[in-house]
Amino acid sequence: MTRPTTASGHKGLQFEQNLIFEQNTPGATAVDLPPVPVAKQRLGEVKRHTPVGLPGMSEPEVVRHYTRLSQKNYSIDSGFYPLGSCTMKHNPRLNEKMARLPGFAEIHPFQPVSTAQGAMELIDTCAHWLLELTGMSAVAMSPAAGAHGEFCGLMCIHAAHDANGQAQRKVIIVPESAHGTNPATAALCGYTVESIPANADGRVDIAVLRAKLAEHGDTVAAVMITNPNTCGLFERECIEIADAVHAAGAFFYMDGANFNAIVGRLRIADLGVDAMHINLHKTFSTPHGGGGPGAGPTVLSAKLAPFAPVPMVVKSGEGYTVEEHAGFGVAKQALGRMKGYHGQFGVFVRALSYMMSMGADGLKQASGDAVLNANYLMARLSAELTPAFAGPCMHECVFDDRFLKGTGVTTLDIAKALIDEGFHPPTIYFPLVVHGALLIEPTETESKQALDQFVTSMLSLARKAKEGRAAEFQAAPQLSPRRRLDETKAARRPILRWTPPASDKAQQAAE
Amino acid sequence: MSLHFTKDHEWISVDGKVGTVGITQYAQAQLGDIVFVEVPAGGKALKAGGEAAVVESVKAASEVYSPVSGTVKEGNAALPDAPQIVNEDPQGAGWFFKIELADAGELSGLMDEAAYAKYLAELSA
């Protein structure tokens, strides 16, 4: 199938769009303003020698430019987005309505606390429900996102060991299947990372963990485990793991990125967890496409609670105050401040809206439906694909590439072909412990009809691959605005800054 | 000169007391196009099985482990600017670092070429 070329470069109603700087019509503007009187130059040597270089454009040109760019976006609002480990669930519009209330949207972090009591109550209420849902003793609300929450948890662990005269504890044990942020966080905190392999059914091998704890003795600071883990499996021996860790004098950090699979169904405190971050932007539905904003409040056990960072919202009498400084009042042993202001306040508003509109029964149903949807996909896709581990899974299912063996088609090719089918590809080549992994997380957002459409496409692709039609896969995507991008060149030789064409530079120099 | 392999797909070629370490043809093929390499600096002490270098491809970031204990003599300075050398010639110009062996006896715990070939055959079985 060859597609006609057009004189405009556009493909039907898919528009080709130059960069805004390349659409410059000097002098064009949205509104006519009176000429600005030229002030006396007081910048001395640092004065500008060239024009600022903003493009001249009319208002409709600007509107079209950004509207067309937005049409190139793929988002959960436009289609199925099964990116495993990312939890791309629907963000209810009620959340957005609440976040735009002037009392929440138009306040300033520096205004007197007495004039922002509603906002303080919201932070305190959000914290209250996070503690109710986890059974933990305290929560640090300020971490900006998941990895920052991990950092907060490990800093609290560090502070607790220091306070207990255990500063020699310099080792953090992390399973190989962990989120990459876990070892990165440990390294950033100055710890040495010791990894432990998964066992054949994709979970932490507790015998290996015990051996590792024995080997490193009183130098182990903590063990970090993601539960459900990145293979989409529940760590059934979580309580035994916690007991072994505590017996070694270490703390148990649980990565709570996958809390969405268990919220409302178990209490984190009952697992023996000392610290866990909660990705509000995953479990509690706040938007996070394009890298943010997230929020990573970190819940803490009684032993770690005294070290939680400032600021802390404190209920006093009828109102609220904020403890801003470590070393005072409730923050006597606080480790200090990790973030400016009060955390990701707009995300708190959305997360609390979600919690309160869902209620306890709704949250429980959400985690149940997320797990049900993933198991439905796992069961139906197993007709042609090869699951990496025996089910049942939790909120995501992972397939390896055994079903592609001998076809000449790779996991990457399947992902690209899915774009032609109108789906955002799932996460690929992660977790690293699964060969050629396809990690699929449907979330509770999707209906059975939506899941069935995805299954139809996936099964059709798997059959095509097995029929020896590798060339079609290697050419994919064929129907997208851009064909397959050169990811290698983009990583090796990225062009990060637009520079004007040489003719423009010459013209600017002449001016 | 002797050539040895690890289960993590590193190779070490030993000449006297100095070994040259890299990743195998199989490892580079599994990783795909390599986009970033970090090699250890000369003088760094390494333990057998300890992290020695980092390799990142379009698919994954991985550690490269030292097959033996010893002191790094030099890292391959060409790799950070031209990581594709590892794809093109993993068991030649794409070497990662040279190491002065602390204990040549550690080599006996590694695989020779025939044993590694057998190990790969088992992996893809």
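Trainee: Which residues does Ala222(A) touch, not counting residues up to four places away in sequence?
Mentor: Leaving those sequence neighbours out, Ala222(A) touches Leu154(A), Ile157(A), Ile172(A), Ala250(A), Phe251(A), Phe252(A) and Tyr253(A). Each counts as a contact because the C-beta atoms of the two residues, placed from the backbone, lie within 7 Å. This is a predicted model: local features need pLDDT of at least 70 and side-chain atom pairs count only at pLDDT 80 or more, while totals for chains, interfaces and linings use all residues. Residues are numbered from 1 along each chain as its sequence is written, and chains are lettered from A and ligands numbered from 1 in the order in which they are written.

Trainee: What makes a set of residues a nonpolar core?
Mentor: Its members are buried Ala, Val, Leu, Ile, Met, Phe, Trp, Tyr and Cys residues joined through C-beta atoms within 7 Å. Buried means that 20 or more other C-beta atoms lie within 10 Å of a residue's own (exposed: 12 or fewer; partly exposed: in between), with C-beta atoms placed from the backbone. The largest such core has 133 residues, of which Cys156(A), Ala222(A) and Leu300(A) touch the most other members. Helix H10 (residues 345-381) of chain A gives the most to this core, 16 residues.

Trainee: Why is this core said to lie between domain 1 and domain 2 of chain A?
Mentor: Domain 1 (94-355) and domain 2 (367-492) of chain A both give residues to the core, so it lies between them. The bounds come from an automatic or database domain assignment.

Trainee: How far apart do the C-alpha centres of these two domains of chain A lie?
Mentor: The centres lie 32 Å apart. The contact takes 18 residues from domain 1 of chain A and 16 residues from domain 2 of chain A.

Trainee: Why are strands S4 and S7 of chain B called edge strands?
Mentor: The sheet is open, with 3 strands in the order S4-S6-S7 (chain B) and antiparallel pairing. S4 (34-38) and S7 (61-65) each have a single partner strand, so one side of each is left without a neighbour in the sheet. Strands here are DSSP runs of E of at least two residues, and helices runs of H or I of at least four, numbered from the N terminus.

Trainee: How do you know that S4(B) and S6(B) pair?
Mentor: Pairing requires that DSSP finds at least two bridges between two strands. S4(B) and strand S6 (residues 51-57) of chain B have 4 bridges, in the antiparallel sense, so they meet the definition. Phe36(B) stands opposite Glu56(B) in S6(B).
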